[in-house]
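Dear colleague,

Please find the structure we discussed handed over with this message. I would be grateful if you would look through it alongside the notes below.

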Amino acid sequence: DILRGYQVGAVDYLTKPLNPDVLRSKIQIFAELHRASQGLAEANQQLQQEVRERERIEEELRQANQQLEQRVEARTAELVEAHGILTASEERLRIALDAGRMGTWELDASQRVCHIDEVQCSLLGLPDKTRSVQLDMLLTLTSAADSEKVRAAVEHALTTNSDDSADYTYEFRIVRPSDGSIRWLMVSGRTVPVEGGPPRRIGVTIDITDRKQSEQLLQEADKRKNDFLATLAHELRN
């Protein structure tokens with residue numbers, strides 16, 4: 001009977017008359033097995049939840065990594081485009097400087113007049129055929145941001161002698177009266193001695209607006225690069 005019971009799935013058996021101690025012992029074992037089985041089921045369920053959570057986190061990481069790669073590609077393309085624009089601008093600037101004209105001028109310290117040529121007239125945006133300009137009128141073309149610096153530079157040029165450090169170069173902005181545009185000019189001057197007479201104060205003027213714009217583009221590109229690297233480092237740390 002015992003063997004037949006085990007064969008059909010029994011796990012234990014009791015005999016009559018029942019022994020209370022044996023009965024309690026058997027019940028205690030089955031109770032502990034039941035509690036252990038429940039504990040394993042709960043642990044397995046918790047483990048499955050942790051697996052699902054890790055899978056969710058891995059998917060989020062994969063998506064974040066994909067987004068990061070897309071951002072890196074987009075920022076890289078942006079930097080390449082900015083570099084191309086900057087390179088093209090620098091090339092245009094080089095061509096402009098090679099083929100560009102320079103305006104010439106001469107200061108008359110006694111009359112406080114600046115004698116200019118046709119190119120200088122065009123650079124300043126003055127009416128055609130203007131060849132002499134009062135210094136006070138000329139200074140009104142200077143932008144407010146550079147006005148004080150230019151006035152000091154003009155006074156320095158008027159007072160330098162050929163024995164002094166006579167070469168000077170200044171960069172400043174003007175507002176062209178012809179169209180109201182703001183242009184960057186670079187003025188290079190020199191005081192040269194004249195035998196038996198006062199020294200001459202002569203110089204040339206070049207429009208450097210393209211160069212200044214190129215420098216601004218470079219600064220903006222550097223800023224975008226630094227912002228991109230900072231963002232990338234932050235995202236990598238996350």
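The notes that follow cover cavities, a pocket, salt bridges and a surface patch in turn.

Please keep in mind throughout that this is a predicted model.

The largest cavity holds about 320 Å³ of space. Its lining comprises 21 residues, and those closest to the centre are Leu138, Val150, Val154, Phe172 and Val187. Several elements each give two or more residues to this lining: β1, α3 (118–124), α4 (135–139), α5, β4 (168–175) and β5. By class, the lining of the largest cavity has 18 nonpolar and 3 polar residues, with no charged residue.

The second largest cavity has a volume of about 30 Å³. Leu68, Arg71, Arg75, Phe228, Thr231, Leu232 and Glu235 form its lining. Here the elements that give two or more residues are α2 and α6, and α6 gives the most, with 4 residues. The lining of the second largest cavity divides into 3 nonpolar, 1 polar and 3 charged residues.

**The second largest pocket**

Turning to open spaces, the second largest pocket has a volume of about 210 Å³. Its lining is made of Leu61, Ala64, Asn65, Gln67, Leu68, Arg71, Glu235, Leu236 and Asn238. The elements that give two or more residues to this lining are α2 (20–99) and α6 (209–237). The largest share, 6 residues, comes from α2. Sorted by class, the pocket lining has 4 nonpolar, 3 polar and 2 charged residues.

**Salt bridges**

Side chains of opposite charge can pair when their charged atoms come close. In this model the count comes to 18 salt bridges, and three of them are described here.

In one of these, the side chains of Glu155 and Arg112 meet at 3.2 Å, N to O. This pair links distant parts of the chain, 43 residues apart: Glu155 is in helix α5 (residues 147–159), while Arg112 is in the loop between β1 (103–108) and β2 (113–116). Glu155 has a relative accessibility of 36% and therefore counts as partly exposed. Arg112 is also partly exposed, with a relative accessible area of 29%.

Another salt bridge joins Asp207 and Arg183, whose closest N and O atoms are 3.0 Å apart. Asp207 belongs to strand β6 (residues 197–207) and Arg183 to strand β5 (residues 182–194), so the pair ties together parts that are 24 residues apart in sequence. Buried means under 20% relative accessible area; Asp207, with 21%, is therefore partly exposed. Arg183 is partly exposed as well, its relative accessible area being 25%.

The side chains of Arg211 and Glu215 also meet in a salt bridge, at 3.4 Å from N to O. These two residues are separated by about one helical turn, because they stand 4 residues apart in helix α6. Arg211 has a relative accessible area of 24% and is partly exposed. Glu215 likewise counts as partly exposed, at 35% relative accessibility. Both residues belong to a network of salt bridges that links Glu171, Arg211, Lys212 and Glu215.

**A nonpolar surface patch**

Finally, which residues form a nonpolar patch on the surface? They are Ile2, Leu3, Tyr6 and Tyr13, and together they have about 410 Å² of accessible area. Of these, Tyr6 lies in helix α1 (residues 2–7). Tyr6 has a relative accessibility of 38%, and therefore counts as partly exposed.

**In brief**

For reference when you open the model, these are the main points:

- Glu155 and Arg112 link distant parts of the chain, and Asp207 and Arg183 tie together strands β6 and β5.
- Glu171, Arg211, Lys212 and Glu215 are linked in a network of salt bridges.

With kind regards

Note on methods: Residues are numbered from 1 along each chain as its sequence is written. This is a predicted model: local features need pLDDT of at least 70, side-chain atom pairs count only at pLDDT 80 or more; totals for chains, interfaces and linings use all residues. Side-chain values use heavy atoms; hydrogens and water are left out. Patches are made of residues with over 30% relative accessible area and no salt bridge: like charges are joined within 9 Å, nonpolar side chains (Val, Leu, Ile, Met, Phe, Trp, Tyr) within 5 Å. Accessible areas come from the Shrake-Rupley method with a 1.4 Å probe; for residues, only the protein chains shown count as cover. A salt bridge is a side-chain nitrogen of Lys or Arg within 4 Å of a carboxyl oxygen of Asp or Glu. Buried means under 20% relative accessible area, exposed over 50%, partly exposed in between (1.4 Å probe, protein chains only). On a 1 Å grid over the protein atoms alone, a cavity is a set of points where a 1.4 Å probe fits but cannot get out, and a pocket is an open set with protein on both sides within 12 Å along at least five of seven lines; lining residues have an atom within 4 Å of a point. Grid points are joined across faces, edges and corners, and a volume is the space filled by probe spheres set on the points. Ala, Val, Leu, Ile, Met, Phe, Trp, Tyr, Cys and Pro count as nonpolar, Asp, Glu, Lys and Arg as charged, and the others, Gly among them, as polar.
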